[in-house]
Amino acid sequence: MSTKKLIHFGPFEVTDQVFYKTPLCYALVNIKPILPGHVLVVPYRPAQRLTDLTQDEVTDMFTTVQKVQRMLAKKLFASKGADGKVEDGSFNIAIQDGKWAGQTVAHVHCHIIPRAKGNTQGDGIYAILQSEKGNVGGGHWDQQRPVQEGKFPQIEDEDRKPRAPEDMNEEALDYREAMELLDKEQ
């Protein structure tokens, strides 16, 4: 029997998909990433809105966002002529704060979406985030998908399916190891 403490994202148990933990929040891989490396940072306390968080939770969450950005840059932006620094690519940082903003899991969370050099999607990423492609809650529900409110017109994408837990666990392990290396460097 495992004695590890279970971690929940809203009603969903996500313990094995978590790759980084702090005293007040955690980072996990996304069940339906929009782009490679699309992850979430979530406070442990199941607050629904950003304004429900304490000052300490907000500070911890955004400090974690910065740290995860550095790890993702090392993993995804390093190439010939690039060291894998944050400046070698770009990021979309987004919070869908409430159902009218497209939030489908009533637990505040911050999306970190890496954007490699040459990515020409621009602001189209926001339409994807608020479409079925970005329906994080829908990816977790088995029977009934939450209805997104306050969204752009839905973009259908039949090929984009929720990932298998094994795939997410493997990615989480890879990111967990990368975060440990980053911690040792600082």
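This is a predicted model: local features need pLDDT of at least 70, side-chain atom pairs count only at pLDDT 80 or more; totals for chains, interfaces and linings use all residues.
Let's start with the helices. Two packed helices are described by the angle between their axes and the distance between the axes. Here, take helix 1, residues 55–76, and helix 4, residues 165–185. Their axes come within 10 Å. They cross at roughly 110°. Angles of 65 to 115 degrees count as roughly perpendicular, so helix 1 is roughly perpendicular to helix 4.

Who makes the contact? From helix 1, we have Lys67, Val68, Arg70, Met71, Leu72, Lys74 and Lys75. From helix 4, we have Asp174, Tyr175, Ala178, Met179, Leu182, Asp183 and Glu185. What classes are these residues in the contact of helix 1 with helix 4? There are 7 nonpolar residues and 7 charged ones.

Glu87 sits in the loop between helix 1 and strand 6, which spans 89–94. Is Glu87 buried or exposed? Its relative accessibility is 63%. Exposed means over 50%, so Glu87 counts as exposed. Now look back along the chain to Phe77. Phe77 and Glu87 are 10 residues apart in the chain. Their C-alpha atoms are separated by 8.9 Å.

On to strand 7, residues 110–116. This strand is mostly covered, with 6 of its 7 residues buried. Which strands pair with strand 7? Strand 6 is one of them: the two pair in the antiparallel sense, over 6 bridges. Within strand 7, Ile113 is the bridge partner of Asn92. Strand 5, residues 39–43, also runs antiparallel to strand 7. Those two are joined by 3 bridges. Here Val39 has Ile112 of strand 7 as its bridge partner.

Last topic: cysteines. A disulfide is a covalent bond between the sulfur atoms of two cysteines. How many disulfides does a search of the whole structure find? The search finds 0. Take Cys25: for this residue, the nearest cysteine sulfur is that of Cys110, 9.8 Å away. A disulfide needs the sulfur atoms within 2.5 Å, and Cys25 is in no disulfide. Cys25 is buried, because its relative accessible area is 1% and buried means under 20%. Cys110 is in no disulfide either, and its nearest cysteine sulfur is that of Cys25. Cys110 has a relative accessible area of 0%, so Cys110 is buried too.

That's the tour. Questions are welcome.

Notes: Residues are numbered from 1 along each chain as its sequence is written. Side-chain values use heavy atoms; hydrogens and water are left out. Axes are lines fitted to C-alpha atoms, for helices over the stretch in contact, and angles run from 0 to 180 degrees between N-to-C directions. Helices (H or I, at least four residues) and strands (E, at least two) are DSSP runs, numbered from the N terminus. Angles under 35 degrees count as roughly parallel, over 145 as roughly antiparallel, 65 to 115 as roughly perpendicular and the rest as oblique. Contact means heavy atoms within 4.5 Å. Ala, Val, Leu, Ile, Met, Phe, Trp, Tyr, Cys and Pro count as nonpolar, Asp, Glu, Lys and Arg as charged, and the others, Gly among them, as polar. Buried means under 20% relative accessible area, exposed over 50%, partly exposed in between (1.4 Å probe, protein chains only). Two strands pair if DSSP finds at least two bridges between them.
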